[in-house]
Amino acid sequence: MMYFLIRRTVGFIATLIAVSIVVFAVMNILPGDPALTILGMDATDDALAALREDLGLNEPLLARYFGWVAGALTGDFGLSHSFRVPVSELISERLAMTISLAVAGMLLTLLIALSVGIYAASRHGKAGDWVTMFISQLGIAVPAFWLSILLVLLFAVNLRWLPPGGFPGWSEPVAAMRSLILPTVALALVQSAVLARVTRSSALEVMRQDFTRTARASGLSQRRILWRHVLPNALVPIVTIVGMQFAALVTGTIVIENVFYLPGLGRLIFQSIANRDLPTVQALVMLFAIIVVTANFVVDLLYVLIDPRLKARA
Amino acid sequence: MKSLPANFVIGAVLVALVVGVAGLSLIWTPHDPTALNIRGKFGDPSAVNWLGTDQLGRDIVSQLMAAARNSMTVALVAVLLGGSIGVALGLLASAIGGWIEDGVMRLADLGFAFPALLFAIMLAAVFGPSLTNAVLAIAFINIPIFARVARASANQIWTREYVLAARAAGMNKFTITRDHILPNIAAAVIVQATIEFAVAILAEAALSYLGLGAQPPASSWGRMLSEAQTLMYLAPELAFYPGFCIVIAVLGFGLLGDGLRDITDPRLARAR
């Protein structure tokens, strides 16, 4: 067990280091002058030289890399060019939005996917199964941003129940919640399509096993069998997909924030690209990659909690 | 003859439809998809403009057709590029084994830390947004996927008797890979490619929607949607057609891939 934990943790840290090298390399080594990218073609030579000095571009590449990593470890991502404030400040102002969206999206995804998947499995081969699986097949093909637009058309433009986008700020909690409903639903519906299918097939697998038959024979109710016996035993494949989906969900927030004009990290990335604010883009890409890698690491650890048998094999 | 699975048949029909329309747009569209006609803007569907015109008076049907062609081209180039690099790496890893195999697979793991969107964002920040960067980003995320599939399938083939016999007869690993391994993993690779084609279509649409893919005046379903979004109160119908096309294309390739998998490897189909 200890050996497993240590090995996974070392692998996790090694991946993070490798990710930081890739991000730094793509943003800094690829042909092109960051100062020129930021200032544009008609910048004067003096301005370019000053900015290169500012960005530390005159230092050797390795020194810049270690400087960046050391700064990042202490929460210092340098200065944003377009906003003229530390990048860390920009991030901390917007982190709450992205995390709320991702967490709410994940919870709603789990709620929808587990219910629909278990329901479909319990109606295996019948109309209910067929209909839910047809809808989920369709759901996999629907882009989240198009679903968002359709939701806005229905609930904001036609029915006028919810705002079409924008965010009033956390100081108005009710209005803030209302403006997060459509984004969360759009995020969750698309994600739950995949997860519902995995839940269904995994649950069907478990329902074929002897202990399910025994539970049924001993007179337990169908509901109790499904939620207490089938679901826990069907969790390993589900958790694998959930880990992958959390990564997809976090990058999904980048898209959704741009659809609904929400002031989160995803919107910040696009503002920074438009402003040619390379230090901010670099920090944000790294942050999102860290979240993806961490999600996969947590899934690896969860396996052991869910299925102690894996301990021996790990 | 055993009847073909339903997902294969439906998928094949949808794919034929989308690819057919994309091919047709090479030689014919009802109008020039980029021709402006400000006086005829927001035109209703008519005998001339079957689905009407957009905010600049461009013909919707022609734009959708040109966008289908662009979408197919992006997906084809990205999957071919990423797929061939990935398969080559996977075959290399499987043939040589040892630390090279470990190294390639760790690199593949690393690739999974970068969703296409993040990679496209980095490229756009450094080089500016373009369709080429979108293609490269989508190709990049395909490399680790195909490397894993190729290695896993190839490792199985390397243990077969006829491969052992070939090795005993003194064939070198390159020849064995070319003559025995590659033909035997082709089915698995083609199935994966079909599924990744669907993923690539979705990715291109999302990147173009966000402004990181097709640039004006090139037609793209994703870009049409981002333009339509600003006109939701004026012309909500503009937001329907491109999304509908994306769903048809993605659904088609997804079902076709599932169907091919069911046909080529029934065991795998059950396991999923």
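The model is predicted.

Chain B is built from 10 helices and zero strands. Along the sequence, its pattern reads α-α-α-α-α-α-α-α-α-α. The C-alpha atoms of chain B occupy a box of roughly 75 × 55 × 30 Å along the principal axes. Chain B has 272 residues, and 52% of them count as buried. Among contacts in chain B with a separation of 6 or more, 70% join residues 24 or more positions apart.

Two helices of chain B were examined as a pair. Packed helices are described by the angle between their axes and by the distance between the axes. Helix H7 of chain B covers residues 173–209, and helix H9 of chain B covers residues 241–264. Their axes lie 9 Å apart and meet at an angle of about 165 degrees. Angles over 145 degrees count as roughly antiparallel, and H7(B) and H9(B) are therefore roughly antiparallel to each other. The crossing of H7(B) past H9(B) is left-handed. On H7(B), the contact is made by Ala187(B), Ile190(B), Val191(B), Thr194(B), Ile195(B), Phe197(B), Ala198(B), Ile201(B), Leu202(B) and Ala205(B). On H9(B), the residues in contact are Ile246(B), Ala249(B), Val250(B), Phe253(B), Gly254(B), Leu256(B), Gly257(B), Leu260(B), Arg261(B) and Thr264(B). By class, the residues of this contact comprise 15 nonpolar, four polar and one charged.

Chain B also touches chain A. The contact takes 31 residues from chain B and 36 residues from chain A. On the side of chain B, the elements that give two or more residues are helix H3 (98–111), helix H4 (116–127), H7, helix H8 (221–229) and H9. H4(B) provides the largest share, with eight residues. This side of chain B holds 26 nonpolar, three polar and two charged residues.

In chain A, one residue was considered individually. Val236(A) lies in helix H11 of chain A, which spans residues 235–259. Val236(A) has 14 C-beta neighbours inside 10 Å and so counts as partly exposed. A residue is buried with 20 or more such neighbours and exposed with 12 or fewer.

Note on methods:
Residues are numbered from 1 along each chain as its sequence is written. Chains are lettered from A and ligands numbered from 1 in the order in which they are written. This is a predicted model: local features need pLDDT of at least 70, side-chain atom pairs count only at pLDDT 80 or more; totals for chains, interfaces and linings use all residues. Axes are lines fitted to C-alpha atoms, for helices over the stretch in contact, and angles run from 0 to 180 degrees between N-to-C directions. Helices (H or I, at least four residues) and strands (E, at least two) are DSSP runs, numbered from the N terminus. Angles under 35 degrees count as roughly parallel, over 145 as roughly antiparallel, 65 to 115 as roughly perpendicular and the rest as oblique. A crossing is left-handed if the near helix is turned anticlockwise from the far one by less than a right angle, and right-handed if clockwise. Two residues are in contact if their C-beta atoms, placed from the backbone, lie within 7 Å. Ala, Val, Leu, Ile, Met, Phe, Trp, Tyr, Cys and Pro count as nonpolar, Asp, Glu, Lys and Arg as charged, and the others, Gly among them, as polar.
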